[in-house]
Amino acid sequence: MAEQNKILVFGAGGMLGRELLAAAPPPGLELVGLARAQVDITDAEQVAGAMARHRPGLVINAAAFSNVDGAESRPKAALAVNAQGPENLAQACHEAGAPLIHISTDYVFGGGGQTRPYLESDPPQPVNQYGASKLQGEALVRAACPRHLIVRTSWLFGALARNFIHLMLELMRSRPAIKVVDDQVGCPTPAADLARALLTLAAMVLEQGEAAWGTYHLSGPLVINRHEFAQMIWAEARESLGKDLTIEPVGSEVFAAPAKRPAYSALDCTKIKQRFGLALADWRPELARIVTLLQESEKQPRV
Ligand SMILES: NC(=O)c1ccc[n+]([C@@H]2O[C@H](COP(=O)([O-])OP(=O)(O)OC[C@H]3O[C@@H](n4cnc5c(N)ncnc54)[C@H](OP(=O)(O)O)[C@@H]3O)[C@@H](O)[C@H]2O)c1
């Protein structure tokens, strides 16, 4: 018999996983996190063992091979974690009768040259191995577990794990001038806000037992390019850094990264608002909070 009030989170050691575990669970719900060291989702037996041990009412999969450049040289490893792993989870959830909330990405898009936010009904066209592996994972989840919600999100940032903000602050502290690409447009999303929304979604599903199963987009409301994002980080960090800085907009070719990035991958999040009443708020106050936190922790003496 499943424990209807228990949510099992796979990938609990990652950026989103940590935010899920740090968030206050909705009243009456228990959250249990499993990091990669506890369960490797590419191993179907380990997944089945975890499901039998915990008997969750619902599962959230936040585990991923998220190294976009690394996936170019290790496409099989990316597929194992982003496609086979989710399939293992989806099969185990289906057998246990537990719904699965699986996290996917805006990087399933980008190949078609579109310049308006993507709808769930737009045909995916990934431009790199990471996006292709996540797209395959989505298909396998749909096939193995009808009671699924695939939630595509984008450009996660937060204080609990390294991301674009950490990189920008390091560069801003150490250099008089930095270059940031202005030919990648998307929707930055605070991992903490996403985590809270996912837990609200999980609570709704558990309470109602059924849901409008399917694929949804959920990201922050601002559509900006990476250079604009860097400028917003700088606006928050400038005073504490007490220096001048030039932030030069450049094209992606300047960095010659192994993986191509989508030029445009903003997500239209209307559907999840209509079906579940969920929308993420303007994240500028959260950005200010995170930059202040990271700047303060940088000033602490290291032991
Ligand atoms: N970060 C973004 O900007 C972004 C954007 C769009 C969508 N997403 C999606 O959001 C979700 C969460 O991303 P994130 O940024 O939190 O990623 P993350 O920080 O890289 O966390 C992923 C976690 O998955 C774990 N993991 C890797 N392989 C595993 C395996 N075989 N079995 C179990 N766990 C495994 C990792 O463990 P190790 O730490 O030990 O490797 C890590 O803790 C993913 O589905 C990702 O595709 C992320």
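Trainee: Why does Arg55 count as partly exposed?

Mentor: The relative accessibility of Arg55 is 37%. A residue is buried under 20% relative accessible area, exposed over 50%, and partly exposed in between, with a 1.4 Å probe and protein chains only. At 37%, Arg55 therefore counts as partly exposed.

Trainee: On what kind of model do these values rest?

Mentor: This is a predicted model, in which local features need pLDDT of at least 70 and side-chain atom pairs count only at pLDDT 80 or more, while totals for chains, interfaces and linings use all residues. Residues are numbered from 1 along each chain as its sequence is written, and side-chain values use heavy atoms, with hydrogens and water left out.

Trainee: Where does Arg55 lie, and what is its phi?

Mentor: Arg55 lies in the loop between helix H2 (44–54) and strand S3 (56–61). Helices (H or I, at least four residues) and strands (E, at least two) are DSSP runs, numbered from the N terminus. The phi of Arg55 is near 45°, a positive value in a residue other than glycine.

Trainee: What makes Trp155 buried?

Mentor: Its relative accessible area is 9%, and the limit for buried is under 20%. Trp155 is therefore buried. Trp155 is placed in the loop between strand S5 (148–153) and strand S6 (156–157), and its phi is positive, about 40°, although Trp155 is not a glycine.

Trainee: Why is Thr153 called buried?

Mentor: Thr153, in strand S5, has a relative accessible area of 4%, so it is buried. The side chain of Thr153 reaches the backbone oxygen of Leu218 at 2.8 Å. A polar contact is a pair of N or O atoms within 3.5 Å; within protein, one must be able to donate a hydrogen and the other to accept it, and residues adjacent in sequence count only if both atoms are side-chain atoms.

Trainee: Which residues does Thr153 contact beyond its neighbours within four places in sequence?

Mentor: Among them are Ile103, Thr189, Leu194, Leu218 and Leu267. Contact means heavy atoms within 4.5 Å.

Trainee: How do you know that Leu241 is buried?

Mentor: The relative accessible area of Leu241 is 19%, and buried means under 20%. Leu241 is therefore buried. Leu241 is placed in helix H8 (residues 226–241). Leaving aside neighbours within four places in sequence, Leu241 is in contact with Met172, Arg173, Trp234 and Gln295.

Trainee: How do you know that the length of helix H7 agrees with its number of residues?

Mentor: The expected span of a helix is 1.5 Å times one less than its number of residues. Helix H7 (residues 191–208) has 18 residues and should span 26 Å; its end C-alpha atoms are 26 Å apart, which agrees. The buried residues of H7 include Leu194, Leu198, Leu201 and Val205. H7 is followed by Gly209, whose phi is positive, near 80°.

Trainee: What makes the pair of Gln114 and Asp122 a polar contact?

Mentor: The contact joins the side chain of Gln114 to the side chain of Asp122 at 3.4 Å, and the limit is within 3.5 Å. Gln114 lies in the loop between S4 and H5.

Trainee: Which atoms of Gly14, Leu16 and Tyr130 lie by oxygen of the ligand?

Mentor: An oxygen atom of the ligand is 2.9 Å from a polar backbone atom of Gly14. For a polar backbone atom of Leu16, the distance to an oxygen atom of the ligand is 2.8 Å. An N or O atom in the side chain of Tyr130 is 2.6 Å from an oxygen atom of the ligand.
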